[in-house]
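Please open the structure and keep the sequence beside it. Then work through the notes in order.

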Amino acid sequence: MRLTPLLLAASAAAIVVVTALRPQLSPSLESNLAAAKAMCAVRTRAGLPTTLSTSSVSRRLTRVRSSEGSGSSGVDPIMLGLRAASPFMSLLKPVFKPLSKVQAGSYDAAATQKLIDADVLNNPVVIYGYTLSPFCTKAVDVLKGAGANPKVVDLGPEWIPGLISSQGAAIRAHLGETTGRTSMPHIFIGGQSIGGLVEGTPGLLPLVDSGNLNAELKKAGAI
């Protein structure tokens, strides 16, 4: 599969939706929206996130090859693309959070928190995500590869209106309110949020890179 067209399509959809809802959103989002539009235009021409210089891209790919195996046969090209695309996707986070509130509308915050607690407090590893997201799919693969059996909570095929369920929209918005994070996957280990696949607190791949993932999974009773 080609990752760049998929990410561009998702980003373009985000910009279209946000533009349509702009009157309902804070004026402070205008600069983020403009930056995202410009980035999409650049990526269409170059296929790489412009937040990274050529040298920093080279360093990033070197780290990925080192952590995922040496030689071309040991490198997962999709994971390479996801790592490289993460800084670009981060540009949209200030847009996604207020958009998640608009999508969720009026929801029962207490009931939604109970749903989240039931998942997070009763399972050693939980992943909230979308069925069509390569970031979410790879997060599941990494955790299963480490020997864990995560509970996967699908919020819908994607975040786009009409694809995310009403309950999924409420969970996404509430996670944004309680953790500051609306992007998926959202991973919990031992009841604690670690963020997403590539980044977070500290994120799943940073745990892999540091050699601490197995220790965290063992502490949570996941392996």
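This is a predicted model: local features need pLDDT of at least 70, side-chain atom pairs count only at pLDDT 80 or more; totals for chains, interfaces and linings use all residues.

1. Look at strand S3 (residues 186–189) beside S4. These two run antiparallel and are joined by three bridges. Phe-188 has Ser-193 in S4 as its bridge partner.

2. The structure holds six salt bridges. One of them joins Asp-119 to Lys-151, with the closest N and O atoms 2.8 Å apart. This pair links distant parts of the chain: Asp-119 is in helix H6 (residues 109–120) and Lys-151 is in strand S2, 32 residues apart. Is Asp-119 buried or exposed? Asp-119 counts as buried because its relative accessibility is 9%, under the 20% cut-off. Lys-151, at 34%, counts as partly exposed.

3. Arg-181 and Glu-199 also meet in a salt bridge (2.8 Å, N to O). Arg-181 is in the loop between helix H8 (166–179) and S3, while Glu-199 is in the loop between S4 and helix H9 (204–210). Arg-181 counts as buried at 10% relative accessibility. Glu-199 counts as partly exposed at 24%.

4. Lys-219 and Glu-216 form a salt bridge too (3.6 Å, N to O). Both lie in helix H10 (residues 213–219), three residues apart, about one turn of the helix. Lys-219 counts as exposed at 66% relative accessibility.

Note on methods. Residues are numbered from 1 along each chain as its sequence is written. Side-chain values use heavy atoms; hydrogens and water are left out. Two strands pair if DSSP finds at least two bridges between them. Helices (H or I, at least four residues) and strands (E, at least two) are DSSP runs, numbered from the N terminus. A salt bridge is a side-chain nitrogen of Lys or Arg within 4 Å of a carboxyl oxygen of Asp or Glu. Buried means under 20% relative accessible area, exposed over 50%, partly exposed in between (1.4 Å probe, protein chains only).
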